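Subject: Structure handover

Hello,

Please find the structure below. My notes on it follow.

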Amino acid sequence: MSALKPDATPPAASPDLGRVENGEAKSVPSSCDSNNHFFEEKIKEKSRPGINGSLVFLYALFFSVFTIGWINLNKCPLNRLIPIYLIFAGFLGILAKFLSKFDHKFCYWGTAVLVAADVGWHVVGTLVVYTEYQPSYNAVDPNYCNRTAYLVAFWTLTIEYTLLLFFVLLSACYMMMRRDFRTESGTK
């Protein structure tokens with residue numbers, strides 16, 4: 001240990017300074033200060049522009065649906081609207097996701113129109129795909145439809161309806177229990 005120099009000026013008092021060693025002030029933040037600072041930084045931190053994992057997944061899904069519909073456009077004589085449904089569903093999904101990233105008023109209304117068109121196209125796809133349920137996968141049969149195209153359309157619609165039902169039930173549960181949530185948090 002070295003002794004303090006007699007002509008050295010003492011460090012200025014500061015709330016950040018915790019102790020003095022060898023004539024130098026060392027910062028020792030308390031645990032509360034460091035936690036508060038951490039949370040303040042997290043609150044202030046905005047999401048960085050770029051692409052997150054869920055967006056990549058959705059783009060890949062929409063692109064796959066579009067591609068499967070395009071490849072099998074002439075391979076479903078049972079009902080040609082099945083691959084066309086896939087093409088438009090993929091295209092509308094990609095375009096709506098792309099436009100939703102912008103904050104311009106035109107893009108907002110464009111996205112709203114695309115979502116409305118997607119809902120309408122979803123109803124058309126439901127009628128087309130579920131009406132032709134269980135097509136023949138044998139290419140010589142007149143009721144033939146490409147297996148991949150039909151099953152992608154069928155399972156895409158089925159999963160979308162399942163998720164919709166799940167979110168409607170979850171919303172209904174929240175609406176019935178929202179008074180309980182307010183009571184627990186101390187507000188009525």
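In which loop does Asn 72 lie? Asn 72 is in the loop between helix 2 (53-71) and helix 3. Helices here are DSSP runs of H or I with at least four residues, strands are runs of E with at least two, and both are numbered from the N terminus.

Before the rest, the basis of the notes. This is a predicted model, in which local features need pLDDT of at least 70 and side-chain atom pairs count only at pLDDT 80 or more, while totals for chains, interfaces and linings use all residues. Residues are numbered from 1 along each chain as its sequence is written, and side-chain values use heavy atoms, with hydrogens and water left out.

The chain as a whole:

The chain has five helices and two strands, and along the sequence these follow the pattern β-β-α-α-α-α-α. Of its 188 residues, 21% count as buried (under 20% relative accessible area; exposed is over 50% and partly exposed in between, with a 1.4 Å probe and protein chains only). Taking contacts (heavy atoms within 4.5 Å) between residues at least 6 apart in sequence, 56% join residues at least 24 apart. The chain exposes about 14500 Å², and carbon and sulfur atoms supply 65% of that area (Shrake-Rupley method, 1.4 Å probe).

Helix 3 and helix 4:

The axes of helix 3 (residues 81-99) and helix 4 (residues 105-131) come within 9 Å and cross at roughly 160°. Axes are lines fitted to C-alpha atoms over the stretch in contact, and angles run from 0 to 180 degrees between N-to-C directions. The two helices are therefore roughly antiparallel to each other (an angle over 145 degrees). On the helix 3 side the contact includes Leu 81, Tyr 85, Phe 88 and Leu 92; on the helix 4 side, the residues include Leu 114, Asp 118, Trp 121 and His 122. By class, the residues of this contact divide into 16 nonpolar, four polar and one charged (Ala, Val, Leu, Ile, Met, Phe, Trp, Tyr, Cys and Pro are nonpolar, Asp, Glu, Lys and Arg charged, and the others, Gly among them, polar).

Asn 72 counts as buried because its relative accessibility is 6%. Leaving aside neighbours within four places in sequence, Asn 72 is in contact with Pro 83, Asn 146 and Ala 149.

Gln 134 is in the loop between helix 4 and helix 5 (147-185). With a relative accessible area of 51%, Gln 134 is exposed. Its phi is near 65°, a positive value in a residue other than glycine. Most residues other than glycine have a negative phi.

Regards

Key
Parallel < 35°, antiparallel > 145°, perpendicular 65-115°, else oblique.
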